[in-house]
Amino acid sequence: MAALRSRFGAAVERTTVLLGASVVSVARERAHEVLAWLRDAPDQRYDYLVDVTAVEYRDRERPLELVYQLRSLPRGVMLRLKVDLAKDRPLEVDSVVDLWRGADWLEREVWDMFGIRFRGHPDLRRILMWENYAEGHPLRKDFPLRGRFSRSEQVRRALGADLQAHYSMEELSIAEAYDAVPADVRERLLGGEQER
Amino acid sequence: MELTGPEQHRAPQDEAERAGFLSPNWVTARLDDLVNWSRANSLWPMAFGTACCAIEFMATAASRFDLARFGMERVAYSPRQADVLICAGRLPFKLAPVIRRVWDQMPQPKWCISMGACASTGGIFDNYAMVQGIDTIVPVDVYVPGCPPRPEGLLYGILMLQKKIKGETVFDPDLRVERLADQQGLFLEPAAVDELSEPFGNSIHQTRSA
């Protein structure tokens with residue numbers, strides 16, 4: 001933490017030790033830079049991104065917190081890094097998919113549940129809720145437990161969903177074999193698995 | 001041929017009897033009884049297992065409780081070869097079009113068992129993601145209560161379904177009619193869906209904004 005402070009100065013907003021875990025809060029503009037340094041600096045080597053998640057507090061004035069849980073496998077230590085996202089500005093931070101490939105789905109989940117956008121994410125779509133889900137981001141505090149629509153409207157929308165639309169070609173493992181498959185199969189794959 | 005049984009003491013009366021039409025190899029029955037008897041005792045379940053109820057379903061199908069005793073030897077994981085849809089577990093809205101597609105693919109005659117509290121009512125999941133009872137999506141014949149129901153409970157539900165099937169008649173024109181989606185894409189009136197989805201029990205104390 002001292003190294004972090006001396007290197008990034010004012011960008012490190014708060015540091016605490018909570019139940020033996022180091023918690024560092026950094027400014028959102030420099031978060032990507034700090035995370036890149038934590039991954040690459042020879043005395044840090046946080047090579048494993050355990051989780052990306054977010055917390056919204058009941059107090060509406062308090063900013064949303066984006067939480068990165070890091071682990072250094074060679075050093076055997078954990079670090080929790082938080083980024084405060086004030087609600088009066090668009091909820092947007094730089095994606096860390098370029099640092100840890102595993103951040104892809106984690107960031108998609110945070111987008112889906114909290115509506116935080118990740119700049120530079122290769123494929124920022126919903127991951128848990130379905131594509132045409134229109135009720136918002138369910139884990140936000142202003143989201144009603146039973147959703148925004150009436151039950152009949154929810155059922156209508158659910159039944160109207162295109163079953164094939166949940167799966168894009170990129171998600172299917174056959175996409176990797178694209179060049180190897182015959183031309184007619186390739187054509188069908190491009191068109192999606194539509195009923196004829 | 002030679003007649004056996006009580007008839008053997010009686011001389012054949014006419015040509016038909018002489019030809020053997022009164023032999024005990026012939027049985028007369030009501031068509032309904034015969035059809036329903038065969039339907040009820042050869043149900044092939046299509047298991048739609050989404051949660052812990054599916055574990056109890058597996059236990060029901062395995063040797064200790066043995067579904068095969070009731071003519072359900074083959075669990076058809078193919079809707080086109082199935083008679084009973086057993087929805088074992090909670091159904092999120094994301095799976096609603098899937099179970100509807102499965103139901104639409106099943107040929108008539110078909111029945112549906114809703115297994116467990118969540119499939120029947122949404123159970124404890126009175127939230128944004130969960131269908132509040134699969135009867136808003138597909139017609140249900142038997143509801144099995146429990147969280148999850150024990151295998152005995154599911155067997156009781158299956159026996160109730162068999163009893164129900166034995167009371168049906170093949171001459172009822174409305175019984176096996178496919179209910180198709182209306183223009184809105186719903187299978188029930190919107191008001192009926194809302195009413196079926198109403199919270200009850202402890203959850204009535206919650207408001208929609210809770």
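Which residue in S5(A) is the bridge partner of Val23(A)? Hi everyone, let's find out together. What you see is a predicted model, where local features need pLDDT of at least 70 and side-chain atom pairs count only at pLDDT 80 or more, while totals for chains, interfaces and linings use all residues. Residues are numbered from 1 along each chain as its sequence is written, and chains are lettered from A and ligands numbered from 1 in the order in which they are written.

The partner is Arg80(A). S2(A), residues 21-26, and S5(A), residues 77-85, pair in the parallel sense over four bridges. Strands pair if DSSP finds at least two bridges between them.

S2(A) also has a neighbour in S1(A), residues 12-18: the two run antiparallel, joined by six bridges. Across that pairing, Thr15(A) stands opposite Val24(A). S1(A) and S2(A) form a hairpin with two residues between them, and in the turn Leu19(A) has a positive phi of about 50°.

Now over to chain B. It has seven helices and four strands, in the order α-α-β-α-β-α-β-α-β-α-α from the N terminus. Chain B has 210 residues, and 32% of them count as buried, meaning that 20 or more other C-beta atoms, placed from the backbone, lie within 10 Å of the residue's own.

Please look at H3(B), residues 52-61, and H6(B), residues 151-166. Their axes come within 9 Å and cross at roughly 75°. That makes the two helices roughly perpendicular, a label for angles of 65 to 115 degrees; the axes are lines fitted to C-alpha atoms over the stretch in contact, with angles from 0 to 180 degrees between N-to-C directions. H3(B) brings Glu56(B), Phe57(B), Ala59(B) and Thr60(B), and H6(B) brings Pro151(B), Leu154(B) and Leu155(B). Contact here means C-beta atoms, placed from the backbone, within 7 Å. Those residues divide into five nonpolar, one polar and one charged. Nonpolar covers Ala, Val, Leu, Ile, Met, Phe, Trp, Tyr, Cys and Pro, charged covers Asp, Glu, Lys and Arg, and the others, Gly among them, are polar.

Last stop, the interface. It takes 25 residues from chain B and 18 from chain A. On the chain B side, H4(B) (96-105) and H7(B) (190-196) each give two or more residues, with the largest share, five residues, from H4(B). That side divides into 11 nonpolar, eight polar and six charged residues.

Technical notes:
Angles under 35 degrees count as roughly parallel, over 145 as roughly antiparallel, 65 to 115 as roughly perpendicular and the rest as oblique. Two residues are in contact if their C-beta atoms, placed from the backbone, lie within 7 Å. A residue is buried if 20 or more other C-beta atoms lie within 10 Å of its own, exposed if 12 or fewer, and partly exposed in between; C-beta atoms are placed from the backbone.
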